[in-house]
Each structure stands twice: as C-alpha cells, then as structure tokens.
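Here are a few exercises to work through with the model open in your viewer. Try each task before you read its solution.

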Amino acid sequence: MAKILVTGAAGFIGSHTTDYLLGEGHKVVGVDNFRTGRKENLATALRSPAFALQVKDVAAPGVLADLVAAERPDAIIHLAALVSVQESIANPELNFSLNVLASQLVAEAARLHGVGRVVFASSAAIYGDAAERPIRESAEKRPVSPYGAAKLASEDLLLGHGACYGFTVRCQRYFNVFGARQDPASPYSGVISIFARNYREGKSVTLYGDGRQTRDFIAVGDVARANALAATRPGLTSGAANICTGRATSLLDLAGIFAAAHPGVGAPVHRAARAGDILHSLGDPAAAAVALGFTARTGVAAGLAELISGQPVPVLP
Ligand SMILES: NC(=O)c1ccc[n+]([C@@H]2O[C@H](COP(=O)([O-])OP(=O)(O)OC[C@H]3O[C@@H](n4cnc5c(N)ncnc54)[C@H](O)[C@@H]3O)[C@@H](O)[C@H]2O)c1
C-alpha cells in the first residue's frame with residue numbers, strides 16, 4: 001500500500017480521490033487551504049486513521065518541500081489550483097502563482113525528497129478551441145485563457161523535471177467532471193451542478209443558443225479512480241492522457257434527464273448564444289486505456305441518477 005500526498009484534498013475532485021485511495025487501503029495526507037474547498041467534503045476521510053489533513057498554502061515557498069520531507073509520500077497528486085477560467089482572466093497574476101509557480105514547487109519537492117511519481121490535474125482547456133473531434137492528445141494546443149495556458153505550462157514543467165531528475169509524471173487532462181460536492185456557486189463548476197441546483201429548487205434552467213452544444217461529461221468517481229491508477233499502478237511511464245468518456249452529451253439531453261426526474265419544473269429558457277462559447281468538446285479516451293488501464297464506467301444517465309437521488313448507482317463491471 002502506498003502513501004499519497006493529495007493537494008487540494010478538500011475540493012470536489014480531491015475529496016473523491018482521497019476517499020477512493022483510502023477505500024483501496026492507501027494512506028493519504030491531504031493538503032488544502034480551503035480557498036474553494038470545504039472541510040465537510042472530507043467528512044468520511046477525517047474518520048479514517050489512514051488520513052491526515054494539513055491546512056496549508058501549497059503556493060507558499062517551502063511549505064510543500066517541508067511537508068514532503070516530513071511525510072515522505074510515494075506519490076503526489078497535485079489538484080490544488082485556481083480553478084475558474086473567469087478568475088484567471090480577471091487575475092492572471094494570481095493564476096500564475098497558483099497554477100504555474102505551485103507546480104514548480106511540486107516538481108522541486110519531488111526532486112529534493114525522492115518522490116517517485118507526480119500526478120497533475122491538467123485540463124481539456126489546454127486544447128482551447130481545437131477543431132479536431134474527438135480530441136487526441138496530439139491535437140494542437142491552443143489555450144485561450146490564462147488558466148489553459150498555465151495548465152499547459154505546468155505539464156511541460158513537470159514532465160521536464162521528471163525526465164531530468166528521474167520521477168514519473170502523469171498529466172491528467174480532465175474533460176467536464178461532474179458529481180456530488182461540486183459547488184454550483186463557482187463559475188467553473190459546470191452546467192451539471194447548476195442544472196442540479198435549479199431543478200432541485202424548482203427553477204427553470206437557461207440554455208444559451210439552441211442547447212445542441214455537446215460536452216464529454218465524466219463522473220467524478222471515474223476521475224478519482226483514474227487518479228488512483230496514475231498514482232499507484234506499477235510500471236507507468238511519464239506522459240499525458242485525456243480523462244474523458246469519448247461520449248458526447250448535449251445540453252438539451254441533460255435538461256431532458258433532469259426534467260424527467262423533476263416533472264413540475266418549467267421548460268428551459270433559451271437565450272442568445274454567448275460569444276466565445278465552445279460548441280463541441282469531445283475527448284478520445286484511447287490513450288488513457290493504454291497508459292493507465294483506465295476506462296470510464298459511469299455513463300451520464302447513471303451519474304445523474306446518483307447525483308439527483310443522492311444514492312450510489314451500480315456501475316458496469
Ligand atoms: N472540475 C472540472 O471539471 C475540472 C476540469 C479540468 C481540470 N480540473 C482541475 O482539477 C483540479 C481540482 O479541481 P476541482 O474541480 O476539484 O476544484 P475545487 O475548487 O473543488 O478544488 C481545488 C482545491 O484546491 C484548494 N486550493 C487552491 N489553492 C490552494 C493552495 N494554494 N494551497 C492549498 N490548497 C489550495 C482549494 O481550496 C480546493 O479545495 C484543479 O487543478 C482543476 O484545475 C477540474
């Protein structure tokens with residue numbers, strides 16, 4: 001069993017990743033400064049003797065290196081970030097500090113203290129509005145925000161350090177992640193958490209444009225499993241892979257699933273399409289299957305049923 005340091009552990013993906021790792025019998029040291037995460041997300045983890053929480057800022061010089069020196073983890077899963085594209089546009093300096101400098105501090109901590117593996121939370125945002133569909137890892141990278149640019153720069157920083165100093169780096173390019181504990185108040189939290197809140201409160205949702213835009217929605221439980229594989233599967237080599245399903249779901253389809261579960265709520269309201277909105281985003285999941293042995297198991301319908309009911313839905317074997 002391994003000891004894993006998870007940055008951003010109190011966040012949406014971090015808390016699910018932590019729970020998954022603990023369930024697999026690993027030890028987890030979670031680090032978070034509660035910038036956007038919440039202690040309640042770690043309610044289950046905090047009951048485990050295999051979990052320790054460190055309330056610290058990973059972007060502050062020396063903090064991560066000291067922690068890694070004290071804890072000696074086998075792997076670091078680096079999820080802590082400024083996660084809002086809009087906030088990165090409004091505050092590019094802060095984006096640089098939290099999304100680039102912090103990655104350098106992770107690389108440095110791994111180098112100094114012999115950490116064997118670093119897993120990095122990258123994003124489909126590095127592709128920008130790539131024309132290719134489905135998007136393969138080799139697609140042209142054309143980030144269109146400071147957030148996307150920082151994720152791409154961090155991939156290169158970490159991969160270059162790993163190649164030079166001898167640790168394995170896995171860059172996980174998440175597509176649209178959804179599930180419980182996603183904060184609908186965050187501008188980047190995505191359409192599903194906003195739809196879930198509105199339908200729960202009996203309010204119609206707004207669709208910009210015709211609603212035929214499509215996204216590759218991946219359930220957070222699958223993402224947690226992909227992170228655990230990247231951190232612990234023996235024999236992995238460095239590289240980057242899309243963490244996606246390879247299936248496209250339109251916003252109209254989403255609204256239809258929610259409407260069926262909430263019959264009293266009014267039909268979606270259509271507004272003019274927003275400038276700059278990407279029409280279609282679809283990932284190719286083949287590389288993750290080869291590199292990590294990862295394939296998403298939870299379809300959108302099952303994932304939404306779980307989110308709406310609050311009950312786990314059995315997944316395909
Ligand atoms: N949710 C998605 O669909 C998605 C898609 C692509 C990439 N990502 C990436 O996945 C990662 C996790 O995202 P999330 O959706 O769980 O967001 P989140 O906001 O729920 O989680 C981020 C966590 O990092 C913590 N954090 C931020 N700055 C910190 C710092 N300096 N020191 C310590 N902790 C800090 C926050 O408090 C929070 O708990 C991020 O790197 C994000 O960019 C998410």
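The charged end of R111 sits over the ring of Y165, 5.2 Å from its centre; the criterion is NZ of Lys or CZ of Arg within 6 Å of the ring centre and within 35 degrees of the ring normal. This is a predicted model, in which local features need pLDDT of at least 70 and side-chain atom pairs count only at pLDDT 80 or more, while totals for chains, interfaces and linings use all residues. Residues are numbered from 1 along each chain as its sequence is written, and side-chain values use heavy atoms, with hydrogens and water left out.

**Exercise 1: the faces of a helix**

Task: find which residues of helix α2 (residues 63-71) are buried, and where they lie as seen down the axis.

Solution. 
- Step 1. Helices are DSSP runs of H or I with at least four residues, strands are runs of E with at least two, and both are numbered from the N terminus.
- Step 2. Apply the cut-offs: buried is under 20% relative accessible area, exposed over 50%, partly exposed in between (1.4 Å probe, protein chains only).
- Step 3. The buried residues of α2 are L64, A65, L67, V68 and E71. Down the axis of α2 they fall within an arc of 165 degrees, so they line one face of the helix; the arc is taken from the directions from the helix axis to the C-beta atoms.
- Step 4. On the face turned away from that buried side, α2 carries the exposed residues D66 and A70.

**Exercise 2: aromatic pairs**

Task: work out how many aromatic pairs the whole structure has, and classify the pair of Y127 and F175.

Solution. 
- Step 1. Rings of Phe, Tyr and Trp (its six-membered ring) pair if their centres lie within 6.5 Å; planes under 30 degrees apart are stacked, over 60 edge-to-face and the rest tilted.
- Step 2. The search finds five aromatic pairs.
- Step 3. Y127 and F175 are 6.4 Å apart centre to centre, with 40 degrees between the planes, a tilted pair. Both residues, Y127 and F175, are buried.
- Step 4. For F178 and F217, the centres are 6.5 Å apart and the planes at 85 degrees, so this pair is edge-to-face. F178 lies in strand β7 and F217 in strand β10 (residues 217-219), so the pair ties together parts that are 39 residues apart in sequence.
- Step 5. Ring pairs also link F195, Y199 and F258 into a cluster.
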